[in-house]
Amino acid sequence: MIRVESLSRIYPATAKSVAVTALKDVDIAVRRGEIYGVIGRSGAGKSTLLRAVNGLERPTSGRVLVDGVDIGALTDSDLRAERRKIGMIFQHFNLLSSRTAYDNVALPLEFAGVDRAVIRPRVEALLDLVGLSDKRDRYPVELSGGQKQRVGIARALATEPKVLLSDEATSALDPETTRSILALLAEINRTLGVTIMLITHEMAVVKDVATRVGVMEDGLLIEEGDVYDVVTRPRTDTARSFLGTLAGREIPPGLAARLRPSPEGTTTALIRLGFTGSRSTEPVISRLSRELGLDVAVLQGQVDEIGGRPFGTLIVSLPNAALADGSAERFLAHYDVATERLGHVA
Ligand SMILES: Nc1ncnc2c1ncn2[C@@H]1O[C@H](COP(=O)(O)OP(=O)(O)OP(=O)(O)O)[C@@H](O)[C@H]1O
């Protein structure tokens with residue numbers, strides 16, 4: 001549905017600043033009907049990528065095809081028509097404060113010259129879809145952040161787009177509201193079949209709704225894969241750093257402060273274990289302890305799910321010797337448990 005091909009975007013130098021390469025040779029293929037997440041730190045190039053997909057940004061080289069149409073090659077009037085097939089939602093909602101919820105949702109249809117008789121039932125159905133029928137005559141200032149984003153989603157869907165682009169749509173919302181908005185996006189994807197591309201700096205957002213994820217850094221797509229694989233077996237340090245915020249992965253602060261890179265005196269070794277798939281529920285730790293005769297302490301942990309598939313993370317301490325001779329890691333690998341050495345604590 002969205003094909004990004006060798007896309008580069010260089011912002012030229014100005015009197016006050018040097019040239020910035022915001023995107024370097026990025027290739028992404030978003031499949032029809034999927035939810036694709038793009039994660040990266042501030043400045044990685046995510047917004048530039050999203051703007052290129054809806055034609056707000058012209059590529060320096062490369063191209064973007066949406067449902068087969070080369071967005072960069074369109075004339076301005078063709079681009080305006082094409083954009084009706086691409087809805088967009090924003091971090092700060094971008095609602096018109098002088099218009100009610102109903103009138104905000106109706107706006108893109110008015111711009112498109114749609115007949116009033118058609119607009120009314122469509123806007124009412126959309127407000128119903130996002131759970132805001134009772135707020136139709138409220139102004140944005142009278143709505144909560146989550147309700148404003150629901151209006152934003154209804155407005156984005158007004159022209160019945162095939163693609164919905166989400167630019168940090170939950171970044172201004174609290175965790176509970178974030179979950180409800182993500183659940184709504186998942187429902188829209190499922191029931192309307194709309195392909196969704198979302199950019200975020202939070203792995204929790206990707207984990208909750210996306211099927212695949214691309215990791216961006218310095219304008220490059222440095223890692224890509226199924227969300228489950230990237231979360232459970234990240235290949236780059238950047239992908240790994242985004243996992244820190246997922247429950248169970250973070251080293252408790254008291255422990256982190258005492259962490260040393262090498263064993264000293266009476267320290268024990270700290271490792272992070274990643275459990276995936278069917279073996280997530282096996283009694284691996286008690287077997288490790290019994291069969292290798294090791295004292296194992298569980299210091300932090302959580303078992304979670306991605307798309308209905310279980311994965312778990314545990315931070316455990318082991319005697320240094322069990323790491324030095326590799327026996328513990330060999331034993332764990334046999335059970336498909338990924339291991340990551342974290343250091344040593346007294
Ligand atoms: N209009 C512009 N003119 C010049 N440079 C720009 C422009 N827009 C973005 N940039 C630069 O391009 C790089 C990528 O910016 P972009 O906004 O795409 O990143 P991002 O990952 O979306 O970050 P954020 O989450 O902070 O928005 C940054 O170095 C930024 O300063």
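**View A. Helix H5 on strands S6 and S7.** H5 lies across S6 and S7. Its direction is about 165 degrees to that of S6. The model shown here and in the other views is predicted.

**View B. Packing of helices H3 and H5.** Two packed helices are described by the angle between their axes and the distance between the axes. For H3 (residues 101–111) and H5 (residues 145–157), the axes come within 7 Å. They cross at roughly 30 degrees. H3 is therefore roughly parallel to H5, as the angle is under 35 degrees. The crossing of H3 and H5 is right-handed.

**View C. Residues between H3 and H5.** H3 contributes Ala101, Asn104, Val105, Leu107 and Pro108 to the contact. From H5 come Val151, Ala154 and Arg155. Sorted by class, the contact of H3 with H5 has six nonpolar residues, one polar and one charged.

**View D. The open sheet.** Six strands form an open sheet in the order S6-S7-S8-S3-S9-S10. Pairing in this sheet is mixed. At the edges are S6 (86–90) and S10 (220–226), each pairing on one side only. Neighbouring strands of the sheet are turned by 15 degrees against each other on average, direction ignored.

**View E. Pairing of S6 with S7.** Strands of a sheet pair through backbone hydrogen bonds, either parallel or antiparallel. S6 and S7 (residues 163–167) run parallel. Five bridges join the two strands. Isoleucine 89 stands opposite serine 166 in S7. H5, seen in View A, lies across S6 and S7.

Methods: Residues numbered from 1 in each chain as written. Predicted model: local features only at pLDDT ≥ 70, side-chain atom pairs only at ≥ 80, totals over all residues. Axes fitted to C-alpha atoms, helices over the stretch in contact; angles between N-to-C directions. Helix = DSSP H or I, 4+ residues; strand = E, 2+ residues; numbered from the N terminus. Parallel < 35°, antiparallel > 145°, perpendicular 65-115°, else oblique. Left-handed = near helix turned anticlockwise from the far one by under 90°. Contact = placed C-beta atoms within 7 Å. Nonpolar A, V, L, I, M, F, W, Y, C, P; charged D, E, K, R; others polar. Pairing = 2+ DSSP bridges.
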